[in-house]
Amino acid sequence: MLFKRLRRRLFFHIFILCGLLLASAYLYGRYIEPKLLITQETTLSLPPTAQDLSGLKVGVFSDTHLGFYYTPEQLEKVAAKINEQNYDILIFLGDLIDNYQDYIKDNPEGEAHRAAIVTALSKTQATYGKFAVFGNHDLGAMGQWDYPKIMTEAGFTVLQNDHATLTIAGHKVHMIGLDDCMLGYPDPEPAFADLNAGDLQILIAHEPDMIDEIQAPLPVHLFIAGHSHGGQVWLPFQQQLITPPYAKHYIRGWYHKEDATAEAPPIFVTTGIGSTQVPIRFLNVPEIITIYLQ
């Protein structure tokens with residue numbers, strides 16, 4: 001009888017403890033982690049022909065999803081954190097605003113929101129240039145009109161099946177941007193047109209899995225994408241709980257294929273900054289990525 005009573009009491013305390021842990025995890029993932037911001041550093045080895053570019057510092061941020069529990073004030077903090085890093089090149093990988101119709105078009109505060117976003121992004125600095133590509137949210141809800149205007153006003157070059165060429169330390173660096181593959185039409189042919197295989201090619205796009213469907217006409221030295229949010233919720237025993245289309249194979253961090261060819265470059269996927277669908281990030285702290293080329 002005493003043993004049964006002790007066992008029931010033990011189960012009750014375990015139940016209470018589990019409830020407290022789940023509640024704490026929810027409160028942390030809902031109200032604390034989404035407001036955090038860290039910088040993560042990583043490196044990529046350059047090909048022998050581009051060693052003069054060693055030390056080039058590339059900044060990457062993505063998926064702010066403004067309007068979905070993310071504010072221009074938080075974007076200001078992102079801009080300040082970016083400028084602390086002194087980047088040579090800065091890249092934004094899309095999904096600036098979660099829903100352009102609700103946040104700008106049909107919102108009485110829409111113009112104020114737009115102005116605040118432009119102001120924050122305009123403060124970001126990079127020595128050789130700032131570049132951006134379309135995300136799926138930037139093409140939905142009339143975003144295809146507002147997004148390129150906002151980014152251009154903020155000093156970014158928007159690449160949509162296009163490229164921009166930088167000359168750094170006597171070497172050409174090609175920033176190649178593909179269109180979103182969910183709502184757009186990615187086309188590598190015009191994006192790579194007139195480029196030289198001997199130059200450094202950095203390919204950027206929103207969705208990471210699209211790299212398996214893209215036939216790059218030239219060797220690509222680095223492919224960078226976002227979109228996945230790292231799953232938003234990341235558990236050691238189950239990993240990501242939420243992954244959008246075209247972010248099922250490449251979810252976070254580096255991927256190096258053993259049979260790397262021109263179609264299989266080193267892949268880096270950032271977990272991004274904001275959230276969508278559910279306003280929770282857990283073990284997936286919003287990040288700005290620094291990639292050192294060396």
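**View 1. Contacts of Ala 197.** Leaving aside neighbours within four places in sequence, Ala 197 is in contact (heavy atoms within 4.5 Å) with Leu 218 and Pro 219. This is a predicted model: local features need pLDDT of at least 70, side-chain atom pairs count only at pLDDT 80 or more, and totals for chains, interfaces and linings use all residues. Residues are numbered from 1 along each chain as its sequence is written, and side-chain values use heavy atoms, with hydrogens and water left out. Ala 197 sits in the loop between α7 (188–191) and β8. Helices (H or I, at least four residues) and strands (E, at least two) are DSSP runs, numbered from the N terminus. The C-alpha atoms of Ala 197 and Leu 218 are separated by 5.7 Å. Along the chain, these two residues are 21 residues apart. Ala 197 has a relative accessible area of 41%, so it counts as partly exposed. Buried means under 20% relative accessible area, exposed over 50%, partly exposed in between (1.4 Å probe, protein chains only).

**View 2. Pro 217 and its loop.** Pro 217 lies between β8 (200–204) and β9 (222–225), in the loop. Its relative accessible area is 52%, so Pro 217 is exposed. Beyond neighbours within four places in sequence, Pro 217 contacts Pro 188 and Phe 192. Its C-alpha atom is separated by 9.0 Å from that of Ala 197, 20 residues apart along the chain.

**View 3. The open sheet.** Six strands, with mixed pairing, follow the order β6-β7-β8-β9-β13-β12. The edge strands β6 (162–168) and β12 (253–255) each pair on one side only. Neighbouring strands are turned by 20° against each other on average, direction ignored. These angles use axes, lines fitted to C-alpha atoms (for helices over the stretch in contact), and run from 0 to 180 degrees between N-to-C directions. Strands β8 and β9 run parallel, joined by 3 bridges. Two strands pair if DSSP finds at least two bridges between them. Ile 204 stands opposite Ile 224 in β9.

**View 4. A nonpolar surface patch.** Tyr 31, Ile 32 and Leu 36 form this patch, with about 270 Å² of accessible area together. Patch residues have over 30% relative accessible area and no salt bridge; nonpolar side chains (Val, Leu, Ile, Met, Phe, Trp, Tyr) are joined within 5 Å, like charges within 9 Å. A salt bridge is a side-chain nitrogen of Lys or Arg within 4 Å of a carboxyl oxygen of Asp or Glu. Areas come from the Shrake-Rupley method with a 1.4 Å probe; for residues, only the protein chains shown count as cover. Ile 32 belongs to helix α1 (residues 2–32).
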